[in-house]
Amino acid sequence: MTVPIDRRRLHDIALRLFREFGYDTVSVAQIAEAAGVSRMTFFRHFSSKESVLVEDMFDPAIALAVAAQPASAHPLERVVGGFLAALSEPEAARELSSPQFRDRIQLVAATPSLRGAVWASSAATEQAIREALVSSGTSADQARAAAGAVMGAATAILLGWAAEPEPSHVAMALAGGLQSLLGSAR
């Protein structure tokens with residue numbers, strides 16, 4: 001029997017199954033069964049099994065925040081400033097503070113089969129950032145370099161943070177790490 005379910009509850013059920021049995025051994029059918037919904041309902045909420053863990057809810061907010069940075073600023077400063085501004089928004093701050101966020105990042109870090117999905121998600125975010133920069137006059141090469149540098153650094157920071165036994169707050173880790181990139185931009 002299919003019952004109504006919200007995205008967060010379905011996400012939490014999938015996360016619990018991934019932690020308990022391992023990402024690679026859990027199927028969409030098992031997630032749907034545990035949630036009491038059909039596979040079709042799962043796919044109404046998530047485009048794929050991978051998206052439960054790697055889908056980036058912050059992409060549009062990051063691109064908008066980068067675009068809102070002063071066009072006269074160095075592209076790297078714009079991307080770092082926009083990235084951090086987007087992550088300080090209340091909804092993003094709640095997500096980053098949730099135990100589920102750390103669980104997601106830890107599962108991603110521990111699951112080699114997710115590397116392609118992580119790369120694709122990062123590439124989508126980079127593209128959104130590049131478009132925001134180019135639309136305000138930044139050259140395509142500068143936009144590509146700034147977006148790639150920040151996304152590469154953010155990924156490395158997140159994976160390192162997830163591996164720490166007693167991690168700092170993720171927003172603090174991201175802010176400190178990303179701001180360190182600006183030494184050459186100032």
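Which helices are included in what covers the buried residues of α10? I found α6 (75-87), α8 (99-110), α9 (115-134) and α11 (170-179) included in that cover, with contact meaning heavy atoms within 4.5 Å and buried meaning under 20% relative accessible area (1.4 Å probe, protein chains only).

**Basis.** I noted that this is a predicted model, in which local features need pLDDT of at least 70, side-chain atom pairs count only at pLDDT 80 or more, and totals for chains, interfaces and linings use all residues. Residues are numbered from 1 along each chain as its sequence is written, and side-chain values use heavy atoms, with hydrogens and water left out.

**Elements.** I recorded eleven helices and zero strands in the protein; these are DSSP runs numbered from the N terminus (helices H or I, at least four residues; strands E, at least two).

**Helix α10.** I looked up the buried residues of α10, among them Ala143, Val150, Met151, Ile157, Leu158 and Trp161. The 24 residues of α10 (residues 140-163) should span 34 Å at 1.5 Å a residue, and the end C-alpha atoms are 34 Å apart, which agrees. The expected span is 1.5 Å times one less than the number of residues.

**Whole protein.** I noted that 42% of the 186 residues count as buried. The C-alpha trace spans about 55 × 35 × 30 Å along its principal axes. Of the contacts with a separation of 6 or more, 67% join residues 24 or more positions apart.

Notes. Buried means under 20% relative accessible area, exposed over 50%, partly exposed in between (1.4 Å probe, protein chains only).
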